[in-house]
Amino acid sequence: MGPLAPNELISENTNFLFAFLIGVAFGFVLESSGFSSSRKLAGIFYGYDAVVLKVFFTGAITCMLGLLFMGLFGWIDLDMIYVNPTYLTSAIIGGVVMGAGFIMGGFCPGTSFCGAAIGKIDAMVFVGGLFLGVYGFAFTYGWWEKLYLANYLGEPKISQSLGLSDGFFGLILILIALAMFAVAEWAEKKFPREAY
Amino acid sequence: MSTSKEIRSTKYLNPYVGGVLLGLVLLSANFIAGRGLGASGAVKSVVATSIRAVNKEAVGTMPFMAEYAESHSGNPMKSWLVFEMLGVLVGGFISGALAGRLKLKVEHSPKITSRRRLIFALAGGILFGFGSQLGRGCTSGSALSGMAVLSLGGFITMMAIFGTAFALAFFFRKNWI
């Protein structure tokens with residue numbers, strides 16, 4: 001049955017309509033969780049607000065479990081789901097550059113659009129920066145091409161790489177997340193939070 | 001503004017409830033479109049469109065944009081992520097309106113000036129935009145969506161993003177605490 005668009009059960013234009021509706025839900029959930037505030041987002045890095053960790057990991061695990069069970073029940077063909085390719089070098093270096101941008105700017109791309117939507121001027125400036133950064137990469141691509149394409153590993157799943165079944169890896173991830181949530185709850189009590 | 005009103009106006013969803021809802025949105029994206037969520041990809045579409053509008057030939061001489069044009073035949077604005085990000089703006093606005101959070105302001109720690117906050121926001125945005133292209137996706141497309149489908153690259157990018165931000169947190173603490 002699923003995924004609907006790759007199985008041609010819905011047309012391309014219907015898929016775009018769903019993209020918009022899914023985006024509305026995405027933006028709504030991000031904003032109501034407090035992701036429109038850079039001070040709330042940056043809190044995870046100082047221990048005073050761990051909302052990013054809690055929402056992010058709960059979200060990833062919910063979807064992972066949903067996909068695993070839907071695959072098990074035959075409701076979705078997991079082979080047709082897009083799995084991000086792994087280019088080891090650029091995944092690490094790109095992530096490092098993004099991490100620096102995160103602690104300096106206090107947003108990531110999705111959350112900055114959310115902040116901009118409710119009038120945060122710092123978020124609008126961050127969005128402006130995103131465009132400059134993407135133009136910068138596009139115009140200097142020649143300098144980074146080697147790095148960008150280095151150490152291509154295909155589309156491995158982390159469970160395969162560790163020699164575990166998807167389900168067993170999922171269980172480990174849930175246990176890791178629960179341990180991190182416990183630390184997060186402790187940290188939020190330990191580090192004072194100003195009203196903002 | 002009274003204290004009680006202030007608390008009400010900044011009331012957020014329980015983060016675990018928010019996380020489950022986010023997971024269901026991501027699951028719907030995978031079930032319907034066969035792909036996860038994203039954000040930086042929409043910026044890339046706008047950038048590709050603008051470069052094409054200014055100089056059509058330029059796209060051919062820029063391998064990064066040419067590759068993109070090839071994988072997105074037709075109008076680059078007619079992309080799943082562009083529609084999704086338009087939705088994000090609408091959804092964020094609706095949530096902010098319902099919670100009474102619509103307000104034009106520069107949010108920053110009282111210890112720093114608005115100007116300093118905006119300079120760092122710009123610098124952070126530039127780095128995040130650049131890094132998202134190098135890393136083939138940002139926190140949404142690479143880390144969150146990648147993790148949900150157990151992509152090795154997604155987990156690596158997630159650890160690199162959060163690890164670096166934690167490692168550098170000490171140097172930028174004045175901006176936040």
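**View 1. Surroundings of B:Val25 in the predicted model.** Once its neighbours within four places in sequence are left aside, B:Val25 is in contact with A:Ile22, A:Ala25, A:Phe26 and A:Val29. The coordinates shown here and in the other views belong to a predicted model. B:Val25 is also named, together with A:Ala60, A:Ile103, B:Leu26 and B:Ala148, among the residues that touch the most other members of the largest nonpolar core, a set of 113 residues. Helix H3 of chain A, residues 51-72, gives the most to this core, contributing 11 residues.

**View 2. The contact between chain A and chain B.** Chain A brings 111 residues to the contact and chain B brings 109 residues. On the side of chain A that touches chain B, the largest share comes from helix H1 of chain A, residues 12-32, which supplies 17 residues. Divided by class, that side of chain A holds 71 nonpolar, 32 polar and 8 charged residues.

**View 3. Helix H6 of chain A against helix H3 of chain B.** Two packed helices are described by the angle between their axes and the distance between the axes. Helix H6 of chain A, residues 121-139, packs with H3(B) at an angle of about 65 degrees, and the two axes are 10 Å apart. The crossing in which H6(A) passes H3(B) is right-handed. From H6(A) the contact draws on A:Leu130, A:Phe131, A:Val134, A:Tyr135 and A:Ala138, while H3(B) provides B:Ser40, B:Val43, B:Lys44, B:Val47 and B:Ile51. Sorted by class, the residues of this contact between H6(A) and H3(B) are 8 nonpolar, 1 polar and 1 charged.

**View 4. Helices H3 and H5 within chain B.** Helix H3 of chain B, residues 40-54, and helix H5 of chain B, residues 63-71, have axes that come within 11 Å and cross at roughly 105 degrees. Angles of 65 to 115 degrees count as roughly perpendicular, and H3(B) and H5(B) are therefore roughly perpendicular to each other. In this contact B:Lys44, B:Ala48 and B:Ile51 of H3(B) meet B:Met65, B:Tyr68 and B:Ala69 of H5(B). The residues involved divide into 5 nonpolar, no polar and 1 charged.

**View 5. The fold of chain A.** The secondary structure of chain A consists of 9 helices and 0 strands, and reading along the sequence gives the pattern α-α-α-α-α-α-α-α-α. Along its principal axes, the C-alpha trace of chain A spans about 50 × 45 × 35 Å. Chain A has 196 residues, of which 51% count as buried. Among the contacts in chain A with a separation of 6 or more, 67% are accounted for by residues 24 or more positions apart.

**View 6. The fold of chain B.** The C-alpha trace of chain B spans about 60 × 40 × 30 Å along its principal axes. Of its 177 residues, 55% count as buried. For contacts in chain B with a separation of 6 or more, residues 24 or more positions apart account for 55%.

Note on methods
Residues numbered from 1 in each chain as written. Chains lettered and ligands numbered in written order. Predicted model: local features only at pLDDT ≥ 70, side-chain atom pairs only at ≥ 80, totals over all residues. Helix = DSSP H or I, 4+ residues; strand = E, 2+ residues; numbered from the N terminus. Buried ≥ 20, exposed ≤ 12 C-beta atoms within 10 Å, placed from the backbone. Contact = placed C-beta atoms within 7 Å. Axes fitted to C-alpha atoms, helices over the stretch in contact; angles between N-to-C directions. Parallel < 35°, antiparallel > 145°, perpendicular 65-115°, else oblique. Nonpolar A, V, L, I, M, F, W, Y, C, P; charged D, E, K, R; others polar. Left-handed = near helix turned anticlockwise from the far one by under 90°. Core = buried A, V, L, I, M, F, W, Y, C linked by C-beta atoms within 7 Å.
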